[in-house]
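Please walk through this fold with the coordinates open beside the text. The account below takes one contact region as its starting point and then widens out.

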Amino acid sequence: MKSTFTDNRTGIRYELQGDYYLPCLKLSESDDRPIGIWGQRRRRYLKEHHRILYYNLLTKGKLHTHLADVNEEAEEMFTRLVKQLRKKYNVTEQLKSENQLLWVQKMNDICNCAIEVVNRRLIYV
């Protein structure tokens with residue numbers, strides 16, 4: 001039977017391996033959700049501007065989960081904003097069939113606006 005003890009200050013459990021006590025480290029459950037463009041932007045922002053938060057999340061094994069959560073929330077916000085702005089500015093399928101260039105121009109403007117809002121509210125905070 002192996003000898004173990006738990007350090008009360010850190011809560012880390014140690015196990016006797018030969019003549020030495022080694023920490024019993026357990027990897028957290030893996031999060032298989034993808035990190036899309038929004039998660040990548042958030043990671044880059046944290047790494048460049050909020051290093052302490054970035055490395056805390058990384059060392060606790062929570063970075064991937066955080067980035068996946070941000071990615072999902074940002075994607076939902078972006079989709080919702082695009083739908084709302086299309087309705088507000090009357091960018092319809094009828095406009096698309098009648099004047100494709102105008103439709104593309106308006107959709108590009110709407111997407112750029114939605115990207116800016118998502119970046120300011122979720123990514124670069």
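In this predicted model, helix 1 and helix 2 meet through two groups of residues: Arg42, Arg43, Leu46, Lys47, Glu48 and His49 on the side of helix 1, and Arg51, Leu53, Tyr54 and Leu57 on the side of helix 2. The axes of helix 1 and helix 2 come within 5 Å and cross at roughly 120 degrees.

Helix 1 itself covers residues 37-49, and its 13 residues reach 18 Å from the first C-alpha to the last, close to the 18 Å expected at 1.5 Å a residue. Which residues of helix 1 are buried? They are Trp38, Gly39, Arg41, Arg42, Tyr45 and Leu46, and because they cover an arc of only 160 degrees around the axis, they lie on the same side of helix 1. An α-helix has 3.6 residues a turn, so residues three or four places apart point the same way. The buried residues of helix 1 pack against helix 2 (51-59), and also against helix 3 (63-88) and helix 5 (100-123). Arg42 and Leu46 are buried in helix 1, and both are also among the residues of helix 1 that meet helix 2.

Three strands form an open sheet in the order 1-2-3, with antiparallel pairing; strand 1 and strand 3 are the edge strands, each of which pairs on one side only. Neighbouring strands of this sheet are turned by 30 degrees against each other on average, when direction is ignored.

Strand 1 (residues 4-6) runs antiparallel to strand 2 (residues 13-17), and three bridges join the two. Within this pairing, Thr4 has Glu15 of strand 2 as its bridge partner, while Phe5 has Tyr14 of strand 2. The hairpin of strand 1 and strand 2 has six residues between the strands, and in this hairpin Gly11 takes a positive phi near 80 degrees.

How many residues lie between strand 2 and strand 3 in their hairpin? There are two residues between them, and Gly18 in the turn has a positive phi of about 70 degrees.

Terms used:
Residues are numbered from 1 along each chain as its sequence is written. This is a predicted model: local features need pLDDT of at least 70, side-chain atom pairs count only at pLDDT 80 or more; totals for chains, interfaces and linings use all residues. Side-chain values use heavy atoms; hydrogens and water are left out. Two strands pair if DSSP finds at least two bridges between them. Helices (H or I, at least four residues) and strands (E, at least two) are DSSP runs, numbered from the N terminus. Axes are lines fitted to C-alpha atoms, for helices over the stretch in contact, and angles run from 0 to 180 degrees between N-to-C directions. The expected span of a helix is 1.5 Å times one less than its number of residues. Buried means under 20% relative accessible area, exposed over 50%, partly exposed in between (1.4 Å probe, protein chains only). The arc is that of the directions from the helix axis to the C-beta atoms. Contact means heavy atoms within 4.5 Å.
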